[in-house]
Amino acid sequence: EYERQLLQARLDAITSREDRGRLGQFSTPSDLAVQIVREALRLLDSREPINLIDPAFGTGVFLSALLRTVDGNQPVVATGFEVDLAHGSAAAELWSGITLDLRLEDFTAAGRPIWEDERANLMLCNPPYLRNQRIPASEKR
């Protein structure tokens, strides 16, 4: 988590406020992510492997929180979507040691719902916060 937070700070420092606003990039605080994960895990069978989907992966705050919260005997597999190449590439390098399928594409345009193929049982996400005026009309439809 420490490395992830350093990475997040570095990416925030090199990305203008305007660009972050354009993409709706506002990272979830680590402590809040842990609280959300704890609540979500109450709904799952603790013996069942976790197949996580994060449609707005960023640097992986929810994956980090999940890995710090689950019992070490409960397998975790993750699929993340990230539209920002800088965040996606950096996150892929950070998380290279675990089972993560990080897709550099827009979750909403990915086609067939991923949970049909991959049997996802947990979706955690802090959706991008975009002002209505910044979303092109074609995407709103």
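This is a predicted model: local features need pLDDT of at least 70, side-chain atom pairs count only at pLDDT 80 or more; totals for chains, interfaces and linings use all residues.
Me: How many helices and strands does the protein chain have, and how do they run from the N terminus on?

Reply: The protein chain has seven helices and four strands. From the N terminus on, their order is α-α-α-β-α-β-α-β-α-β-α.

Me: Why is Glu3 called exposed?

Reply: Buried means under 20% relative accessible area, exposed over 50%, and partly exposed in between (1.4 Å probe, protein chains only). The relative accessible area of Glu3 is 58%, so Glu3 is exposed.

Me: What makes His87 count as buried?

Reply: His87 has a relative accessibility of 5%, and therefore counts as buried. This residue is found in helix H5 (residues 85–94). Leaving aside neighbours within four places in sequence, His87 is in contact (heavy atoms within 4.5 Å) with Gln8, Leu11, Gln25, Gly58, Thr59 and Glu82.

Me: What share of the 141 residues in the protein chain is buried?

Reply: Buried residues make up 38% of them. Leu52, in strand E1, is one example, since its relative accessible area is 0%. Not counting residues up to four places away in sequence, Leu52 touches Leu63, Leu66, Val77, Ala78, Thr79, Leu122 and Leu124. Its C-alpha atom is separated by 9.3 Å from that of Arg119, 67 residues apart along the chain.

Me: Why are Asp101 and Pro75 called partly exposed?

Reply: The value for Asp101 is 32%, so Asp101 is partly exposed. The value for Pro75 is 43%, so Pro75 is partly exposed as well. Asp101 has its place in strand E3 (residues 100–103), whereas Pro75 is found in the loop between H4 and E2. Apart from neighbours within four places in sequence, Asp101 is in contact with Ala78, Thr79 and Gly80, and Pro75 with Pro49 and Ile50.

Me: What angle is there between helix H1 (residues 2–14) and H5, and why is H1 called roughly antiparallel to H5?

Reply: Two packed helices are described by the angle between their axes and the distance between the axes. Axes are lines fitted to C-alpha atoms, for helices over the stretch in contact, and angles run from 0 to 180 degrees between N-to-C directions. H1 and H5 pack at an angle of about 160°, with their axes 11 Å apart. Angles under 35 degrees count as roughly parallel, over 145 as roughly antiparallel, 65 to 115 as roughly perpendicular and the rest as oblique. H1 is therefore roughly antiparallel to H5.

Me: Which residues of H1 and H5 meet?

Reply: Glu3, Arg4, Leu7, Gln8, Arg10 and Leu11 of H1 meet Ala86, His87, Ala90, Ala91 and Leu94 of H5. These comprise six nonpolar, two polar and three charged residues. Here Ala, Val, Leu, Ile, Met, Phe, Trp, Tyr, Cys and Pro count as nonpolar, Asp, Glu, Lys and Arg as charged, and the others, Gly among them, as polar.

Me: At what angle do helix H3 (residues 30–41) and helix H4 (residues 61–69) cross, and what makes H3 oblique to H4?

Reply: The axes of H3 and H4 come within 8 Å and cross at roughly 60°. The contact is made by Ser30, Ala33, Val34, Ile36, Val37, Arg38 and Leu41 of H3 and by Val61, Phe62, Ala65, Leu66, Arg68 and Thr69 of H4. Nine of these residues are nonpolar, two are polar and two are charged.

Me: Which residues of H4 are buried, and what do they pack against?

Reply: The buried residues of H4 are Val61, Phe62, Leu63, Ser64, Ala65 and Leu66. They pack against H1, H3, strand E1 (50–54), strand E2 (76–81), E3 and strand E4 (122–123).

Notes
Residues are numbered from 1 along each chain as its sequence is written. Side-chain values use heavy atoms; hydrogens and water are left out. Helices (H or I, at least four residues) and strands (E, at least two) are DSSP runs, numbered from the N terminus.
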